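Follow the residue names as you go.

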Amino acid sequence: MKFGIVVFPGSNCDTDAYHAVVDGLGEQAVYLWHKSHDLEDVDVVILPGGFAYGDYLRAGAIARFSPIMQEVAEHAGRGAPVLAICNGFQVACEAGLLPGALARNAGLQFISETVRVRVETTETIFTAAYARGQVLAIPIAHGEGRYYADTETLDRLDGEGRVVFRYHGDNPNGSARDIAGIVNAAGNVLGLMPHPERACDARIGSVDGLALFSSLLSRVAA
Amino acid sequence: MTRYRVSVEIRPREGILDPQGRAVADALRTLGFGRVHDVHVGRYVVIEADAASPDAASADVDRMCQRLLANPVVEDYRITTIVPQVAPA
């Protein structure tokens with residue numbers, strides 16, 4: 001399976017994602033420069049963490065107009081998987097691939113720590129290899145991770161089983177309904193603030209993120 | 001075509017938690033400004049652009065706000081001034 005990791009100016013978790021895919025999962029990964037219009041026939045697109053365009057204006061606001069985002073939207077429109085992590089989640093919301101927005105953490109501080117995240121559904125291509133209710137140790141590192149959407153949207157996400165991950169125990173950033181990750185209506189675009197790609201190597205603390213990647217391997221035909 | 005300087009005020013939407021505004025309000029009260037009731041911190045954007053009329057300039061900036069400058073999910077915006085710029089002599 002081939003993963004394409006989009007690199008914006010200011011992305012800084014692109015190499016972590018590469019390491020997770022190539023060394024953790026044992027699959028193929030390529031970097032896709034944001035000015036390209038070629039997804040190079042990848043099966044899965046990863047929008048990685050970082051500070052694309054320095055978070056100027058709003059996190060993700062300018063990155064969504066990068067040339068490659070046209071192809072990413074078409075890829076998503078075909079039902080192909082997009083994994084949007086942290087800043088990638090912010091970009092995906094700004095681009096309209098996912099509903100809602102990520103606002104400033106309620107406590108104002110940038111939070112970089114390992115948190116507990118609960119798997120709410122295994123009915124997605126991203127979580128098939130987990131158990132429902134499983135609690136994962138996964139790092140977060142963000143200043144704008146407070147998920148916000150209007151009540152109607154939140155009810156729809158809950159009603160349709162589209163809240164994939166919730167913070168377990170403490171809610172670090174004030175996210176609505178403890179939301180840490182959601183999928184789009186078709187289920188092929190996942191956005192999450194925690195960093196599964198930084199939890200794929202026991203030497204740095206946790207391998208709880210690896211099953212997200214292996215889920216894709218088992219559920220997506222390459 | 002005339003060049004206009006258009007100012008836009010963008011702020012967190014009414015009713016949405018604004019932790020930055022709240023922190024500033026707390027600091028102001030700590031400084032002794034006890035009558036401060038509420039503070040909101042947003043962005044102020046100034047755009048210079050050519051347009052046929054003030055209304056056209058305003059309409060252009062309104063579209064800019066909807067597409068990029070503001071995120072309607074969490075922010076409100078308001079065009080505050082539209083000032084024609086005098087061409088240099």
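Beyond its neighbours within four places in sequence, A:Gly24 is in contact with A:His19, A:Cys200, A:Asp201, A:Leu210 and A:Phe213. Please keep in mind that this is a predicted model.

**Around A:Gly24**
- You will find A:Gly24 in helix α1 of chain A.
- Is A:Gly24 buried or exposed? A:Gly24 has 20 C-beta neighbours inside 10 Å, and a residue is buried if that number is 20 or more, so A:Gly24 counts as buried.

**Two helices of chain A**
- Helix α1 (residues 14–25) and helix α5 (residues 210–219) of chain A have axes that come within 11 Å and cross at roughly 75°.
- Angles of 65 to 115 degrees count as roughly perpendicular, and α1(A) and α5(A) are therefore roughly perpendicular to each other.
- On the α1(A) side, A:Ala20, A:Val21, A:Gly24 and A:Leu25 take part, and they meet A:Leu210, A:Phe213, A:Ser214 and A:Leu217 in α5(A).
- Sorted by class, this contact of α1(A) with α5(A) has six nonpolar residues, two polar ones and no charged ones.

**Where chain B touches chain A**
- Nine residues from chain B and 13 residues from chain A make up the contact.
- Helix α1 (residues 19–30) of chain B supplies three residues, the largest share of the side of chain B that touches chain A.
- That side of chain B has seven nonpolar and two polar residues, with no charged residues.

Note on methods:
Residues numbered from 1 in each chain as written. Chains lettered and ligands numbered in written order. Predicted model: local features only at pLDDT ≥ 70, side-chain atom pairs only at ≥ 80, totals over all residues. Axes fitted to C-alpha atoms, helices over the stretch in contact; angles between N-to-C directions. Helix = DSSP H or I, 4+ residues; strand = E, 2+ residues; numbered from the N terminus. Parallel < 35°, antiparallel > 145°, perpendicular 65-115°, else oblique. Contact = placed C-beta atoms within 7 Å. Nonpolar A, V, L, I, M, F, W, Y, C, P; charged D, E, K, R; others polar. Buried ≥ 20, exposed ≤ 12 C-beta atoms within 10 Å, placed from the backbone.
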